[in-house]
Amino acid sequence: MPSRPLGDYLRDLRATTPLVHCMTNYVAMNSTANLLLATGASPAMLHAQEEVAEFTAIAGALSINIGTLSSPWADAMVMAARAAHENHIPWVLDPVAVGATTFRQRVCETLLAYQPSVIRGNASEIQALNGIANQGRGVDATASTQEAATAAIALAQQHRCVVAVTGESDFITDGTDHYRLTGGHALMPRVTTLGCGLSALVASFVAANREQPLEASLAALACFSIAGSRAGEHAQGPGSFQVALLDALYQLSPDDLSTLAQLEAVHAV
Amino acid sequence: MPSRPLGDYLRDLRATTPLVHCMTNYVAMNSTANLLLATGASPAMLHAQEEVAEFTAIAGALSINIGTLSSPWADAMVMAARAAHENHIPWVLDPVAVGATTFRQRVCETLLAYQPSVIRGNASEIQALNGIANQGRGVDATASTQEAATAAIALAQQHRCVVAVTGESDFITDGTDHYRLTGGHALMPRVTTLGCGLSALVASFVAANREQPLEASLAALACFSIAGSRAGEHAQGPGSFQVALLDALYQLSPDDLSTLAQLEAVHAV
Amino acid sequence: MPSRPLGDYLRDLRATTPLVHCMTNYVAMNSTANLLLATGASPAMLHAQEEVAEFTAIAGALSINIGTLSSPWADAMVMAARAAHENHIPWVLDPVAVGATTFRQRVCETLLAYQPSVIRGNASEIQALNGIANQGRGVDATASTQEAATAAIALAQQHRCVVAVTGESDFITDGTDHYRLTGGHALMPRVTTLGCGLSALVASFVAANREQPLEASLAALACFSIAGSRAGEHAQGPGSFQVALLDALYQLSPDDLSTLAQLEAVHAV
């Protein structure tokens with residue numbers, strides 16, 4: 001189990017309010033910025049090739065999400081990932097719909113060369129990404145949790161990074177230690193880009209604890225699960241759920257995070 | 001009147017959760033995705049020329065909204081519309097502010113060649129679009145409902161599609177049968193991009209019922225009107241209205257849609 | 001003190017519902033449009049080089065925010081600023097993070113040549129912008145209010161415009177008359193792009209009162225402060241705060257604006 005209570009990671013985040021360089025899709029930008037601000041990080045969105053490398057170098061972490069990809073953005077993402085790699089800035093890759101088109105597969109292949117600290121995706125994305133990394137091109141939209149866990153461990157070992165597969169329950173691994181996290185709420189998939197925002201939240205926590213990307217990731221995911229559960233208690237639908245989720249992230253205390261996280265170590269996959 | 005109760009179309013939508021390829025403006029993206037998710041469809045936003053045709057071909061429907069147009073996006077929209085046409089994927093055109101600049105007129109002219117299944121706009125947009133289709137360039141910002149209805153019928157007959165003119169009351173036609181729909185709430189124009197989202201919702205319903213684009217469009221518009229009325233009941237302003245609208249779309253039952261839609265056939269225009 | 005009660009400016013805005021051409025960052029677009037609609041203006045977002053000049057010329061005001069800048073957008077912003085200048089359309093510059101990269105400094109330098117009516121930024125941005133205007137390149141992230149006020153007056157005098165420095169308290173000057181405005185709420189910095197939206201709201205008020213850009217700006221800023229204070233009264237966090245802010249702007253009466261604005265003239269800086 002984690003070496004420190006998960007609440008310590010939230011405490012560190014709020015004490016340092018890390019600057020997180022977010023290169024994310026158009027759908028997710030506003031929502032992601034608000035999720036980070038509510039929790040305690042400081043998001044900045046910029047993507048121009050003229051400035052991304054300069055900016056990544058002064059950020060606490062970089063978060064790259066390929067949702068509404070285009071060629072100029074893909075080039076800028078590669079520049080930012082390279083800058084992160086060269087400056088030892090942690091960065092997170094969110095390979096949205098990587099299995100859906102060859103364009104996305106090619107871009108992710110290039111990005112992986114710059115060693116992300118964390119990869120976060122759903123089961124299908126993690127399986128598709130592992131397929132690419134192994135020269136395959138397979139996409140399985142109905143990926144089982146079991147298959148996704150195996151793919152996640154393979155990816156983590158190959159790229160020496162943390163891999164988080166999120167869904168009804170989350171599976172998190174650094175290739176050696178594996179965890180399962182439960183919680184959240186059934187309304188979460190009815191709100192757009194919560195997963196995208198979660199990737200940037202993971203980047204925020206890793207920015208505040210660079211030496212422990214696995215535990216920092218667990219803390220970020222647990223924040224989301226607990227806040228999601230709380231938001232769902234009184235929500236009437238996805239509109240009031242969104243509002244309540246931001247309020248719950250803002251109100252979440254480190255002690256609550258430590259005590260309410262539904263985390264278990266996974267020994268055999 | 002419709003051949004089936006309108007609620008059947010909502011039931012079909014929720015049973016199939018169609019994947020809707022949305023190429024929409026930056027302002028509308030997040031809001032549109034949330035409106036579709038709340039109602040029961042599955043939105044995907046992507047726009048790169050490298051992948052739009054590949055993706056449209058696997059989608060249930062395509063929705064094109066020219067709100068924050070640019071040349072690369074216009075080219076990609078044409079590629080997607082062509083892919084929809086060739087693959088018999090239904091698609092919806094939302095000609096935002098088509099009368100405002102020659103750039104928009106030119107792009108819409110090109111798009112119309114790929115036979116949209118449905119065109120949705122406000123009275124001025126539908127009149128401007130009909131002006132283009134008839135080689136005119138006229139724009140009338142103070143378009144009357146009567147003039148817009150005449151333009152809608154002309155457009156529908158020329159392009160063999162459904163045309164929906166939305167506003168305080170909606171007018172919907174396939175060139176042969178005409179309907180008027182009332183409902184909604186005075187706060188709706190005080191929330192941005194609800195019309196844009198409605199276009200994508202129409203695409204979602206048509207995806208679930210490809211053979212009945214007129215009735216599927218009526219169902220989508222009626223969902224919005226009923227949910228809007230309900231959302232307005234307790235709203236304190238446009239902030240709480242937005243939240244309540246998403247909740248109301250989520251809660252709306254097929255039976256409510258069938259019984260509460262304020263729909264009438266229009267015999268003489 | 002202002003020549004007319006501030007509420008008169010809100011009355012004028014609502015009576016004319018000015019069309020405001022917003023070229024703003026992707027994060028802020030939806031939120032900005034909703035802030036303007038809630039208050040009573042009519043926002044339009046477009047950015048293509050093919051149409052910006054044509055559209056700016058028919059707008060009541062232009063608002064330029066460089067948040068998610070890129071080269072094509074920078075070129076379009078220059079075209080729009082030039083069109084505003086040539087057609088005597090008031091325009092507002094929001095120099096987001098101008099101190100962070102040389103790209104942003106270069107673009108702002110070019111834009112300043114087209115004489116903005118109002119510049120709105122935080123203390124660091126106004127200081128950085130003044131540094132550029134004086135051939136310096138200095139950035140001071142910990143700018144004091146005092147230093148920012150001095151920079152604001154220098155910028156206002158050099159460019160013959162209104163400069164608004166916003167933060168915990170706001171400082172507004174046209175180079176001759178100076179004001180301090182207090183109010184707002186501690187949750188405001190926990191919601192993304194409220195400052196960006198405020199810049200566009202300033203443009204809206206100036207559109208409705210072109211001859212009094214200083215007083216129109218004061219009215220816009222006071223609207224935000226009062227609505228922010230009210231929204232904070234019952235908010236549980238940044239989610240419910242956002243909702244309540246839109247409702248409060250919608251409900252704000254001209255008389256409340258006149259009587260509740262916490263405005264004082266500043267005689268010595």
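Modeller: Helices (H or I, at least four residues) and strands (E, at least two) are DSSP runs, numbered from the N terminus. This is a predicted model, in which local features need pLDDT of at least 70, side-chain atom pairs count only at pLDDT 80 or more, and totals for chains, interfaces and linings use all residues. Residues are numbered from 1 along each chain as its sequence is written, chains are lettered from A and ligands numbered from 1 in the order in which they are written, and side-chain values use heavy atoms, with hydrogens and water left out.

Colleague: In which strand does A:Arg120 lie?

Modeller: UniProt, in an unreviewed entry, places the feature "binding site" at A:Arg120 and A:Thr166; such annotations may be inferred rather than shown by experiment. These two positions spread over 47 residues of sequence, yet they cluster in space, with a largest C-alpha distance of 7.3 Å. Within chain A, residues 118-121 form the strand that holds A:Arg120, namely E5.

Colleague: Is A:Thr166 buried or exposed?

Modeller: A:Thr166 lies in the loop between strand E6 (162-165) and strand E7 (170-173) of chain A. Buried means under 20% relative accessible area, exposed over 50%, and partly exposed in between (1.4 Å probe, protein chains only). The relative accessible area of A:Thr166 is 13%, so this residue is buried.

Colleague: Which residue's side chain makes a polar contact of 3.1 Å with the side chain of A:Arg120?

Modeller: A polar contact is a pair of N or O atoms within 3.5 Å; within protein, one must be able to donate a hydrogen and the other to accept it, and residues adjacent in sequence count only if both atoms are side-chain atoms. The side chains of A:Arg120 and A:Thr166 are joined by such a contact of 2.6 Å. At 3.1 Å, the partner of the A:Arg120 side chain is A:Asp94.
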